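Here is a short briefing for a reader meeting this structure for the first time. Look at the sequence and the model, then work through the points below.

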Amino acid sequence: MPLFCAMPCMTLWSLWGDKGMTKEGDKKTIELLVNGNRRNVTVRPAETLLRVLREQLGLTGAKAGCENGDCGTCTVIVDKSPIKSCLMLAIEAPGSSIVTAEGLQGTAIQHAFREQFAFQCGYCTPGFIMLCQALIDRHPDADETVTEEWSRSNICRCTSYQEIRSAVRSVLAKGHAKRES
């Protein structure tokens, strides 16, 4: 089963300690590893990873949908797990590897979504692509049951989930989930 919540045992105050962060009033500067690049951002203690990615780093692939973890449009991969970035505080992310939709350019799953027509309006597409990439990476032998279970965590109101599952199956059948050359 995929991991969708941020680290629940951590509290805001334990994260706000002096773990190599510099303090500016009620904000702190933290270093994030996003798409293989180290980036410094200044955040408030309650700022979500979604807002930091979009507003400070200009990475708009993750979308603000429900902002309560139900829809999955904000899904990113954190330490190889799909995470709904609207539920994760940015101050939880230092030391983790974050991959956004922008970091998956040229991957087999992106090509499969296009080939299988697994999108319509496109709003939920980046979140689904992130979820599907994590599924393929973690379960390269996933069967239909696993694929269906994982796809339930994100919502699409435009298209059939069948096309999305077909995209995943096509990548699994080809045996490659990483970047194509």
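**Strand pairing around E4**

Isoleucine 77 stands opposite valine 99 in strand E6. The model is predicted. That pairing is one part of a wider picture, which the points below set out by topic.

- E4 and strand E6, residues 97-99, pair in the antiparallel sense. Two bridges hold the record of that pairing.
- E4 also pairs with strand E5, residues 81-84. These two strands run antiparallel and are joined by four bridges.
- Valine 78 has serine 81 in E5 as its bridge partner.
- E4 and E5 form a hairpin, with two residues between them. In the turn, aspartate 79 has a positive phi of about 50°.
- Strand E4 covers residues 75-78, and both of its faces are covered. Thr75 and Ile77 lie on one side, Val76 and Val78 on the other, and all four are buried.

**Overall make-up**

- The protein has six helices and six strands.
- Along the sequence, their order is α-β-β-β-α-β-β-β-α-α-α-α.
- The protein has 181 residues, and 48% of them count as buried.
- Take the contacts between residues at least 6 apart in sequence: 58% of them join residues at least 24 apart.
- The accessible surface comes to about 9000 Å². Carbon and sulfur atoms account for 51% of that surface.

- The largest nonpolar core has 25 residues. Ile109, Phe113, Phe128 and Val168 have the most contacts inside this core.
- Three helices each supply at least two residues of this core: H3 (108-115), H4 (125-138) and H6 (161-174).
- H4 gives the most, with eight residues.
- Leaving aside residues up to four places away in sequence, isoleucine 109 touches Ile129, Cys132, Gln133, Ile136, Ala167, Val168 and Val171.

**Serine 151**

- Where is serine 151 found? Serine 151 is in helix H5, which spans residues 144-151.
- Is serine 151 buried or exposed? Serine 151 counts as buried because its relative accessibility is 6%, and the cut-off for buried is under 20%.
- Serine 151 touches Phe128, Leu131, Tyr161 and Arg165, not counting residues up to four places away in sequence. One of these contacts, Phe128, is also among the residues with the most contacts inside the largest nonpolar core.

Definitions and conventions: Residues numbered from 1 in each chain as written. Predicted model: local features only at pLDDT ≥ 70, side-chain atom pairs only at ≥ 80, totals over all residues. Heavy atoms only, no water. Buried < 20%, exposed > 50% of the residue type's maximum accessible area, 1.4 Å probe, protein only. Contact = heavy atoms within 4.5 Å. Areas by Shrake-Rupley, 256 points an atom, 1.4 Å probe, with all protein chains shown as cover. Core = buried A, V, L, I, M, F, W, Y, C linked by side-chain atoms within 4.5 Å. Pairing = 2+ DSSP bridges.
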